[in-house]
Each structure stands twice: as C-alpha cells, then as structure tokens.
Amino acid sequence: MESALIGFSRSDGRSVINGRILHSGHPVYDRYVGKESPVQGVRNPVSYFDVEMDGRPCRCGCGGSVVGHDFLPGHDQAALHARIKQIGTVAEFLDWFDVVRGNKRVGG
C-alpha cells in the first residue's frame, strides 16, 4: 500500500503517521509503484533521493527546477549580477547597499 505523508500526530502516547492512500493517476504512484527501485545497491530498505517532482523553482527566475538548493549551479551569481546591474556598477551597488543597511551615510 502506497501513501502520501501528510503529517505526524500524537495519540495516547503513540506517534501516528497521517497520510492518504495513493492511486493510479497520482504522479508518485505512476512513477514508482510496480517499477524497479530508483535506489540500487543499498541494504537499508528506506532510502532518500532527490527527484524533479520534489523540486522548486530556481531563485534566479530562469524557470529551472532545483532540489535541496536555492539555485542551479552558477545561477546565484547570475541573479546577483542582474540585481547589481539594476543599480549600476558594482561600486554603485556597494554604496547603495551600505546606505540601505545603515553602514554608511548618504554622501559619506
């Protein structure tokens, strides 16, 4: 029986795993149930691995998907430099940042 974990609760001093039964048509069921395990060569029957469907959008705004990180490789720098460009040069960005953060007075 395959299920989707919804959460945990406590009842009468026992831990309860709350979830719902997955059926055909659910993306996890369709990808894994009745198929070869995506994790091979391990003795522990419970293994963790990254999959695209667990991903979230890359924070740079490229539309790519990441798992366990905020950015695809190199995209953090692209996002940072895109924002610097909105202010001007790197020096101008540093001056602006220091003023906004209160580290430096305007004109100082």
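Ile87, Trp96, Phe97 and Val100 form a nonpolar surface patch of about 360 Å² in this predicted model. A patch joins nonpolar side chains (Val, Leu, Ile, Met, Phe, Trp, Tyr) within 5 Å, from residues with over 30% relative accessible area and no salt bridge. Areas are computed by the Shrake-Rupley method with a 1.4 Å probe. Helix H3, residues 90–100, gives the patch its largest share, three residues. Helices are DSSP runs (H or I) of at least four residues, and strands are runs (E) of at least two, numbered from the N terminus.

Valine 100 is part of helix H3. Exposed means over 50% relative accessible area, buried under 20%, and partly exposed in between.

| Residue | Relative accessibility | Class |
|---|---|---|
| Valine 100 | 53% | exposed |
| Arginine 56 | 40% | partly exposed |
| Aspartate 70 | 36% | partly exposed |

Arginine 56 and aspartate 70 form a salt bridge through their side chains, with 3.2 Å from N to O. The rule asks for a side-chain nitrogen of Lys or Arg within 4 Å of a carboxyl oxygen of Asp or Glu. Arginine 56 belongs to strand S3 (56–57) and aspartate 70 to the loop between strand S4 (65–66) and helix H2 (75–87), so the pair ties together parts 14 residues apart in sequence.

The protein chain has three helices and four strands, in the order β-β-α-β-β-α-α from the N terminus. Of its 108 residues, 9% are buried.

Residues are numbered from 1 along each chain. In this predicted model, local features need pLDDT of at least 70 and side-chain atom pairs 80 or more, while totals for chains, interfaces and linings use all residues, and side-chain values use heavy atoms, without hydrogens and water.

Note on methods:
Patches are made of residues with over 30% relative accessible area and no salt bridge: like charges are joined within 9 Å, nonpolar side chains (Val, Leu, Ile, Met, Phe, Trp, Tyr) within 5 Å. Buried means under 20% relative accessible area, exposed over 50%, partly exposed in between (1.4 Å probe, protein chains only).
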